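Reader: Could you show me how to read pockets and aromatic contacts in a model like this?

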Amino acid sequence: MQSRLEQLRKGFDPLTPIFVLVDPMVGEPLPGLGLPDASADATAVREEGWGRAIVPVELSKTVALPPHQHPYLVPLHGIDDPLIDLTFDIAEEERLASQAGGLGGDGRAAHRIGGWLQSSMRHEELAALVSAMCRVNTDARTNATYLRLADRRVLDLLCHVAGVARVQRQFGRLQTWIYLDSCGQLRYLRSPSEPIEPLRLSRSEWLILEDGELLHRSIAQYLGESSNGKVAILNTPYRNAELAASAAKDAARRWPHRFINNHDKAKWAALFLLYQSGLQLPGIARLLDDAGSKDEPAEPLRYLYDDIRAIVRLTAV
């Protein structure tokens with residue numbers, strides 16, 4: 001971990017101001033700040049907790065989210081600021097929490113540290129630019145208005161869907177955005193020039209983003225198994241996860257009594273990433289075909305991962 005902290009510091013331009021981007025939608029990253037509270041002065045509470053002035057990111061009025069749940073920026077005092085260490089530790093804890101338990105977990109955890117940004121813009125100008133990037137801009141028909149880039153998993157998926165170059169071309173004078181990805185690697189986004197090119201997503205690109213929760217949860221469960229040394233880390237997590245998500249949707253259509261919600265689909269997708277063709281074994285089909293009875297309904301897929309894993313391993317032996 002220490003080497004990645006050193007790598008993070010080396011990635012900064014020492015002459016350009018640094019900010020931490022925070023997503024407080026499901027809670028504050030600092031202990032003691034608690035959940036966002038509409039009745040309190042969120043900015044005052046945050047400034048007391050962080051020990052410095054913070055920069056609210058006011059989202060578009062079309063975003064149906066109370067202001068205290070909007071992202072905000074925490075200015076840092078150069079590359080030696082101890083908040084770099086603290087926020088990196090929090091980001092790493094969030095990543096590991098989502099992967100805890102592997103298949104025994106659910107692949108979910110708050111990701112509140114959106115990354116470390118560098119910009120020479122005035123604070124309010126940087127906040128306005130981040131806000132503009134968070135507006136949904138797509139050819140698809142959707143009621144969504146908020147692209148939640150302060151959750152770094154969304155930014156990471158956007159880079160996969162749209163390509164890093166297109167994402168960076170909307171940065172302008174936001175020189176650098178560094179974030180920690182699901183595999184624990186630091187990712188660096190750099191602005192190519194000052195002119196801004198807005199990013200508009202095609203319908204097919206947007207549909208992948210809409211599958212974000214399923215993709216992130218399946219990857220987290222897969223990586224949780226990887227941390228135990230059972231399988232290799234994914235080199236292309238989203239490309240593989242898209243195939244796994246498609247397989248999960250097919251399985252849900254075949255065995256609707258086993259797939260009650262996204263938790264079940266995410267579990268199947270994680271199993272697909274682990275075993276792929278092994279899920280086509282007749283023993284697994286027989287297990288899932290059992291529709292139960294009125295008195296004893298069939299268990300959801302999320303409770304069957306151990307049985308499925310046992311069938312795959314027994315067959316392999």
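Author: Happy to; we will take the pocket and then the rings. This is a predicted model, where local features need pLDDT of at least 70, side-chain atom pairs count only at pLDDT 80 or more, and totals for chains, interfaces and linings use all residues. Residues are numbered from 1 along each chain as its sequence is written, and side-chain values use heavy atoms, with hydrogens and water left out.

Reader: Which residues lie nearest the centre of the largest pocket?

Author: Rolling a probe the size of a water molecule over the atoms shows where empty space is left. A pocket here is an open set of points on a 1 Å grid over the protein atoms alone, where a 1.4 Å probe fits, with protein on both sides within 12 Å along at least five of seven lines; lining residues have an atom within 4 Å of a point. Of the 21 residues lining the largest pocket, R148, D151, V154, E213 and H216 lie nearest its centre.

Reader: How do I read an aromatic pair, and what is the angle between the planes of W255 and W268?

Author: A pair of aromatic rings is described by the distance of the centres and the angle of the planes. Rings of Phe, Tyr and Trp (its six-membered ring) pair if their centres lie within 6.5 Å; planes under 30 degrees apart are stacked, over 60 edge-to-face, the rest tilted. The count is four aromatic pairs. W255 and W268 make a tilted one, with 55° between the planes and 6.0 Å centre to centre. W255, F259 and W268 form one aromatic cluster.

Reader: Are W255 and W268 buried or exposed?

Author: Buried means under 20% relative accessible area, exposed over 50%, partly exposed in between (1.4 Å probe, protein chains only). W255 is buried at 4%, and W268 is buried at 5%.
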